[in-house]
Amino acid sequence: MPAIGQAADKIKLTISHGAPTYAKMLAELGRTFTSRHPETEVQFIAGGGGWDPLLQSTLRGALVGDLPDATWQSLTYAHVLAKRGISQPLDEFSGGVEKLSAMRLSRPLVDATLVDGRSYSLPFGTTIPVVFYNMSLFKQASLSDVELPKSWDGIVDVGRRIAALSGNINGGYIEYTSTNAWMFQNILGTLGGRMMNPEQTAVEFNGPEGLQTLEILAKFGRTNSIDMTLDQARQAFNSGSTGVHIRSASGISSVAKAASGRFELQVGQLPVPSPNGRLVGAGHGFFMFTTKRERQRRVWDFISFALGEEGQEILVKHTGYLPINLITSNDPKLLERYFAANPYHRSVVERLPITGDQFSFPTDNTVKIFDMMAEEMRKVVNQQSEPKRALFEIAQQTQNLL
């Protein structure tokens, strides 16, 4: 009889995600959580191959009443999910924003989840863009005595010199198609620019910093004669045929594994030329969808576990994402242990003090805007459009969609 009662009390939570490449991490996270909370089982379900597709499937699911209990989603969508009544506030369980400090969470990332003063998600991890260098090609291009470049022109010059090597060698690639025009936001941020004014009534990326951002993308495009998709570009770098690749630090683990025994890898920082320059992180966390009280309590149990030491260790083990608890840690011994296990992350952590979270336009058309920006950037990278013309098109279409 007790066994029957216990089985009846067991709940299976469904949590959607948009990261099939991290299926092993999610599986271990769910498995370990259930071993600590045997009354709750967690099933992760794929809702798309990226944050944008996941958001779209979430919005469709909300329309037909087919939502999971929770989701692992980009923090930048906190506003749209809250305003549509899809995600549920967590303050009743967390005790409010001030009490979250006890969980050692990054306050800027917590603030990114606030809508009308209430928290609609808790951050699980974050990342920033970094520059991956194939040092074997670096040396072949007679760059062995040169330090890693500290300027945008320097990085592009390395790409050009590597591209001049014989064979099917690509000079450089920058992941301009990243979700939410993330790379555009980052280059713009390093130059001191911003996407919109503080009141969010007008775009501000259509000035000198925005033009310079597209000019940098155009220069990167000339270091690669092949029009590649993001996946093709990643495979090219991992195989050793690309010299410079700019992407999220979340890929450090997989890139380091691919490079091992094949070529020497180094990870550098994005230049921040402006005194007011900053980087744009890509924070992600768990959102609660269910409105059923008991299921909400179980979801909160899972979120608390994911943000705890054990959950954060699983995140670090399988991904290049930075654990949220590490960001606010003042324990030098903890940091040194972390760097010993993750040597490429030292330069990444150094950039966190100037890192905020990514921007999302205040409209339901935000995904359409970013898709449009990606297409215009593709034309610039492939030399099919001049930066000045592309900037005009992006600004005009954005304003129309706002």
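Guide: A salt bridge here is a side-chain nitrogen of Lys or Arg within 4 Å of a carboxyl oxygen of Asp or Glu. Arg-346 and Glu-336 make one, with their closest N and O atoms 3.4 Å apart. Bear in mind that this is a predicted model.

Visitor: Where do Arg-346 and Glu-336 sit?

Guide: Arg-346 is in helix α17 (residues 346-350) and Glu-336 in helix α16 (residues 332-341), ten residues apart. Arg-346 is partly exposed at 37% relative accessible area, and Glu-336 is partly exposed too, at 44%.

Visitor: How many salt bridges come out by that rule?

Guide: The count is 19. Another of them pairs Glu-310 with Arg-36, at 2.5 Å between the closest N and O atoms. That pair links distant parts of the chain: Glu-310 belongs to helix α14 (residues 309-318) and Arg-36 to helix α2 (residues 23-36), 274 residues apart.

Visitor: Which helix holds both Arg-378 and Glu-375?

Guide: Helix α18, where they are three residues apart, about one turn of the helix. Arg-378 counts as partly exposed because its relative accessibility is 25%, and Glu-375 has 34%. There's also a network: Glu-294, Arg-297, Arg-298 and Asp-301 are joined by salt bridges that share partners.

Visitor: OK, inside now. Which residues touch the most other members of the largest nonpolar core?

Guide: Phe-184, Met-195, Phe-205, Leu-217, Phe-361 and Met-373, out of 73 residues in that core. Helix α18 (residues 366-381) gives the most to this core, with seven residues.

Visitor: What is Phe-205 in contact with, beyond four places in sequence?

Guide: Its contacts include Phe-184, Met-195 and Phe-361, along with Arg-194, Gly-210 and Thr-398. Leu-188, Leu-391, Ile-394 and Ala-395 are on the list as well. Apart from this core lies another, of 48 residues, among them Trp-72, Leu-100, Met-288 and Trp-300.

Visitor: Switching topic: is Ala-141 buried or exposed?

Guide: Buried, because its relative accessibility is 9% and the cut-off for buried is under 20%. Ala-141 is found in the loop between α7 (135-140) and α8 (152-163).

Visitor: And what does Ala-141 touch, not counting residues up to four places away?

Guide: Arg-161, Ile-162 and Leu-165. As for Gly-243, 102 residues away along the chain, its C-alpha atom is separated from that of Ala-141 by 9.7 Å.

Note on methods: Residues are numbered from 1 along each chain as its sequence is written. This is a predicted model: local features need pLDDT of at least 70, side-chain atom pairs count only at pLDDT 80 or more; totals for chains, interfaces and linings use all residues. Side-chain values use heavy atoms; hydrogens and water are left out. A nonpolar core is a set of buried Ala, Val, Leu, Ile, Met, Phe, Trp, Tyr and Cys residues joined through side-chain atoms within 4.5 Å. Buried means under 20% relative accessible area, exposed over 50%, partly exposed in between (1.4 Å probe, protein chains only). Helices (H or I, at least four residues) and strands (E, at least two) are DSSP runs, numbered from the N terminus. Contact means heavy atoms within 4.5 Å.
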